[in-house]
There are 4 protein chains.
Amino acid sequence: MKIRVYYEDTDAGGIVYHTNYIKYCERARSEHFFSRGMMPGEGDRYGFVVRKIHADFLGSAVLGDMLKIKTSIIDAKKSSITLLQEVYKEETKLFGMEVLLVYVEAGKPHRIPEYLLIILQELNDHPPGYSS
Amino acid sequence: MKIRVYYEDTDAGGIVYHTNYIKYCERARSEHFFSRGMMPGEGDRYGFVVRKIHADFLGSAVLGDMLKIKTSIIDAKKSSITLLQEVYKEETKLFGMEVLLVYVEAGKPHRIPEYLLIILQELNDHPPGYSS
Amino acid sequence: MKIRVYYEDTDAGGIVYHTNYIKYCERARSEHFFSRGMMPGEGDRYGFVVRKIHADFLGSAVLGDMLKIKTSIIDAKKSSITLLQEVYKEETKLFGMEVLLVYVEAGKPHRIPEYLLIILQELNDHPPGYSS
Amino acid sequence: MKIRVYYEDTDAGGIVYHTNYIKYCERARSEHFFSRGMMPGEGDRYGFVVRKIHADFLGSAVLGDMLKIKTSIIDAKKSSITLLQEVYKEETKLFGMEVLLVYVEAGKPHRIPEYLLIILQELNDHPPGYSS
């Protein structure tokens, strides 16, 4: 997943506004599903929700930069999953976060369906250094 | 309606990103209804949609500025309404736009209900220079 | 230029928030320069600024949609240029706008340099239907 | 600090997009300084930067909600400070985060100036339950 930094992503400090790294990571998670043809239906009452984020801001991207997002699973439970997501500019890591996602149906935590686990597992099936 | 410019509103040029003035105007339209207790219901199939915008960018706001949004009706038809919305920094006009809003029910243009017209009319009931 | 619609782009109405089409058009303009290696320098005092936008909102995109942005020059003057930018979902036009950009140096309108005109001209060098 | 939820803040799930709670907290930090007349200067080479965020997403806000942001200092070191920031809808806590801010001058961590410490200290000078 590659993301270009546009004007809308930057702030008056001349760098990417801090919460936008977290948005980039959500884009990467969504793209993993969208690119496999798994589109959300209108009025869906199930899906993953963000429950916890631990984020480290290590460096700054600027206007025009091309960033890479790497995503891997670091823990999986019955109804939740923890991902490590990192943002790189070439070989330099600018941002890293662990995000705990809970699978919900009708507003309540629910066992993650098998077909979603299989798709998520593909996040880890890449050779090291591959950007998903 | 007063709006403070935060980091998220600015871009690497050091000024407010151009589309944000249009967002501020939408905030002002929503606030006009929200502040009267008219909250949108989940799954509402009716409301105003933006059909046309003619916008002039006249000046720039910077981080920390406090802006005023002025809104007035300049035309009203059976199922649509045209508003003039302007953004001021003190006495200086930074932005102006005419926005054509169409009232829709179930996806189709529909006569604007009387109670909404009455609320919209209050936009024009202010003395000159008043910021709604 | 292709753009995917992510959660961040949508609003509670289930569709893309109206000002985001205008942001997509700005991304397309920037990408035209960035992809040719023309990166903005820190503290640059020259560039194009948005002076006027006439926009028509014709349809709605939803989460997961892949959109195409088409850009062409419809008028060019000594220190300004008018572009037509359109957003398509497959063959359906969802949005169109004319945007007047003024070239400024040190805060004042200035004759557009030849090398920028050449790059801009490439916007029109595509066969009909090509999305830049 | 009170913040209204507008269309731009929500996503197709009908609720506030997750990173926006983190943006609201940044608004609250900036407002604490702006409201005391401490405006950032153009080209400033000093200020606080976000280094770490630990965030818990506990509930969801919807369009039209009026939220309160509470901010207090939980740790202060020579060149950094840790704040607890919480977002409430009436008495219900929807979001909480600890954010580590580092004070930098010319790109490097630097002892926090006394006058900034005094202003920050005012965050804790409110009676319990007060929303700064």
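Me: In this predicted model, which residue of S5(C) is the bridge partner of C:Thr82?
Reply: C:Leu100 is the partner of C:Thr82.

Me: What lies between S4(C) and S5(C)?
Reply: A turn of two residues, which makes the two strands a hairpin. In that turn, C:Glu90 has a positive phi of about 50°.

Me: How many bridges pair strand S2 of chain C with strand S5 of chain C?
Reply: Eleven, in the antiparallel sense, between S2 (residues 46–57) and S5 (residues 92–105). One of the pairs is C:Tyr46 with C:Glu105.

Me: Which residue of S6(C) is the bridge partner of C:Val104?
Reply: The partner is C:Pro109. Two bridges join S5(C) to strand S6 (residues 108–109) of chain C, and the strands run antiparallel. They also form a hairpin with two residues between them, where C:Ala106 has a positive phi of about 50°.

Me: What rotation superposes chain C on chain A?
Reply: To read the relation between copies, take the angle together with the shift along the axis. The rotation is 180° with 0.0 Å of shift, and the RMSD is 0.0 Å. This is therefore the relation of a two-fold axis. Both copies use the same surface, since 100% of the contact residues of chain C recur in chain A.

Me: How many residues does each chain give to the contact?
Reply: Chain C gives 16 residues and chain A gives 16 residues. On the side of chain C, helix H1 (residues 19–34) supplies the largest share, six residues. By class, that side has six nonpolar, three polar and seven charged residues.

Methods:
Residues numbered from 1 in each chain as written. Chains lettered and ligands numbered in written order. Predicted model: local features only at pLDDT ≥ 70, side-chain atom pairs only at ≥ 80, totals over all residues. Least-squares fit on C-alpha atoms with pLDDT ≥ 70 in both. Contact = placed C-beta atoms within 7 Å. Helix = DSSP H or I, 4+ residues; strand = E, 2+ residues; numbered from the N terminus. Nonpolar A, V, L, I, M, F, W, Y, C, P; charged D, E, K, R; others polar. Pairing = 2+ DSSP bridges.
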